[in-house]
Amino acid sequence: MARTSAQAQDFPIAPDVPMHLIDRIRALRHLDTGPEKFRDAGGPVTLVHIGPARWAPTFAIVTSPQGAHDVLGGFDGSFDKEMTVHVEGRVWVGDNLFNLPHDSWVPHRRALQPLFTKKHVAVYADRIAEVADTMAAEWSEGGSIDLDTETRRLTLRVLGRSLFGTDLSEKSEAVGVPLGQVVQFVGRRALQPIRTPTWLPTRARHRFRVSLAVVTETLHEAMDAARGDTGNGAD
């Protein structure tokens, strides 16, 4: 018997999440905890409507491992990064692997591919394990810790050692709050049904630009330091 491939129209439409409008908007604004709330309320694949289609997009929240693989593991034209949050991200932060649509994403991904060969990943794993062991020892000696602060330090120390050959953990306090403000600004703007023009000065926009400048300056300093020290193993 001939084998036929399933078509999207052969499957039922995912259910709308049973949540009040305010709860939906609040969950969408929290990229870390929001998906869990949608999953618990609507299942591994659920739709989130926040207004009329002409004013606001319908979000499809996919939280199962197989669903994530189907969305992220290949490209057949079914999914692409054209949600409002991706468009706003390109406008305000610039092009990057998170927000670029597939055709533009491919050459950027290929440019970074040499950093993620098995050989490089093995080196990263050793550095990550070393950093994790060191910080775990520090935590065990210090009693109670602020998990939010310490995980930022851990992340920056890992990235600094792996990519720049230096310890960026001392920058965690300086970068943590500005980075959060950058993400919140883009996320909130993406969820607004009516957005103010990009040229209009506002307090939120001023805070965003100041915060982005802090994050960008930190990255530039790390890159300059890495280029100036050829013996640090930076990639």
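What percentage of the 235 residues of the chain count as buried? In this predicted model, the share that counts as buried is 27%. The legends below begin with the whole chain and then turn to individual close-up views.

**Figure 1. Overview of the chain and its secondary structure.** The chain contains nine helices and two strands. Read from the N terminus, its elements follow the order α-α-β-β-α-α-α-α-α-α-α. The C-alpha trace spans about 60 × 55 × 40 Å along its principal axes. Eleven salt bridges are found in a search of the whole structure. Side chains of opposite charge can pair when their charged atoms come close.

Figure 2. Glu88 belongs to helix H4, which covers residues 84-92. Is Glu88 buried or exposed? Glu88 counts as buried because its relative accessible area is 8%, below the 20% limit for that class. Its side chain forms a salt bridge with the side chain of Arg195, with an N to O distance of 3.5 Å. This pair connects distant parts of the chain, since Glu88 is in helix H4 and Arg195 is in the loop between H8 and helix H9 (203-228), 107 residues apart. Arg195 has a relative accessible area of 33% and is therefore partly exposed. The side chain of Glu88 also makes a polar contact of 2.6 Å with the side chain of Arg189.

**Figure 3. The salt bridge between Arg157 and Glu138.** Which helices hold the two residues of this pair? The side chains of Arg157 and Glu138 meet in a salt bridge at 3.7 Å, taken from N to O. Arg157 lies in helix H7 (residues 147-164) and Glu138 in helix H6 (residues 118-141), so that the pair links distant parts of the chain, 19 residues apart. Arg157 counts as buried because its relative accessibility is 11%. Glu138, by contrast, has a relative accessibility of 33% and so counts as partly exposed. Both residues also take part in a network of salt bridges, in which Glu138, Glu150, Arg153 and Arg157 are linked.

Figure 4. How many residues apart are Arg152 and Asp148? Both residues lie in helix H7, and their separation is four residues, about one turn of the helix. Arg152 is partly exposed because its relative accessible area is 21%, and the buried class requires a value under 20%. Asp148 likewise counts as partly exposed because its relative accessibility is 48%, and the exposed class requires a value over 50%.

**Figure 5. A patch of positive charge on the surface.** Which residues gather in this patch? Arg29, Arg188, Arg203 and Arg207 come together on the surface as a patch of positive charge. One of its members, Arg188, is located in helix H8, which comprises residues 172-191. With a relative accessibility of 43%, Arg188 counts as partly exposed.

Methods. Residues numbered from 1 in each chain as written. Predicted model: local features only at pLDDT ≥ 70, side-chain atom pairs only at ≥ 80, totals over all residues. Heavy atoms only, no water. Patch = residues over 30% accessible without salt bridge, like charges linked within 9 Å, V, L, I, M, F, W, Y side chains within 5 Å. Areas by Shrake-Rupley, 256 points an atom, 1.4 Å probe, with all protein chains shown as cover. Salt bridge = Lys/Arg side-chain N within 4 Å of Asp/Glu carboxyl O. Lys, Arg positive; Asp, Glu negative; His and termini not counted. Charge placed at Lys NZ, Arg CZ, Asp CG, Glu CD. Buried < 20%, exposed > 50% of the residue type's maximum accessible area, 1.4 Å probe, protein only. Polar contact = N/O pair within 3.5 Å; in protein donor to acceptor, adjacent residues only side chain to side chain.
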